[in-house]
Each structure stands twice: as C-alpha cells, then as structure tokens.
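Here is a friendly walk through the model shown below. Keep the sequence and the 3D view open side by side as you read.

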Amino acid sequence: MFIKIIIFIIMLFILGALTFGLINLVRDQGKTQRTVKSLTARIILSVGLFIFLFFAFKFQWIAPHGV
C-alpha cells in the first residue's frame, strides 16, 4: 500500500508540473524560460517514476493483476 501512495504522489507532482507549464506558457507567451523548466521537471519526474516502477516490479514490491 505504501508503494501505491508513493506512485500516486509522484503522479500528482507530474500533473502539477504539467499544469504549471501550461500556466507559464499562457502568461509569459514564450518570453521566459519558466515553461521549459517546468516541462523539464515533468520529464524528469516521469522518467524517475518509470525507473521506480521497474525496480518495484523487479523486487516484487508491486505485482501485475490478471485483467
């Protein structure tokens, strides 16, 4: 259950970074680098989440269910 909470929190951070990127894109109209920094943070968080999921599956902290 703890792993699922961590995954959920990271996904919220990813969504927040995406939201800030959109807000900065609309407000700044490309004049500052805040949009690039926000979207770079989103990419880093997404790759980090992917690596975390890979290791969580490898160490059997999470398991797929039969759908």
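There is one salt bridge here, counted when a side-chain nitrogen of Lys or Arg lies within 4 Å of a carboxyl oxygen of Asp or Glu. The partners are arginine 34 and aspartate 28, whose closest N and O atoms are 2.8 Å apart. Are these two residues buried or exposed? Aspartate 28 has 12% relative accessibility and so counts as buried, while arginine 34, at 44% relative accessible area, is partly exposed. Buried means under 20% relative accessible area, exposed means over 50%, and partly exposed lies in between (1.4 Å probe, protein chains only).

A word on the source: this is a predicted model, in which local features need pLDDT of at least 70 and side-chain atom pairs count only at pLDDT 80 or more, while totals for chains, interfaces and linings use all residues. Residues are numbered from 1 along each chain as its sequence is written, and side-chain values use heavy atoms, with hydrogens and water left out.

Now to the helices, which are DSSP runs (H or I, at least four residues) numbered from the N terminus. Helix α1 covers residues 2-28 and has 27 residues; its first and last C-alpha atoms are 39 Å apart, close to the expected 39 Å. The expected span is 1.5 Å times one less than the number of residues.

Which residues of α1 are buried? They are Ile3, Ile7, Ile10, Ile14, Ala17, Gly21, Asn24 and Asp28, and they pack against α2 (34-58), contact meaning heavy atoms within 4.5 Å. In return, the buried residues of α2 pack against α1; Thr35, Ser38, Leu49, Phe52 and Ala56 are buried in α2.

Each helix is followed by a glutamine with a positive phi: glutamine 29 after α1, near 55°, and glutamine 60 after α2, near 60°.

Finally, the aromatic rings. The structure holds three aromatic pairs, and two of them are set out here:

| Pair | Centre distance | Plane angle | Type |
|---|---|---|---|
| Phe54 and Phe55 | 5.7 Å | 70° | edge-to-face |
| Phe55 and Phe59 | 6.1 Å | 15° | stacked |

Rings of Phe, Tyr and Trp (its six-membered ring) pair if their centres lie within 6.5 Å; planes under 30 degrees apart count as stacked, over 60 as edge-to-face and the rest as tilted. Phenylalanine 55 has 37% relative accessibility and counts as partly exposed. Phe54, Phe55, Phe59 and Trp61 form one aromatic cluster.

Notes: Helices (H or I, at least four residues) and strands (E, at least two) are DSSP runs, numbered from the N terminus.
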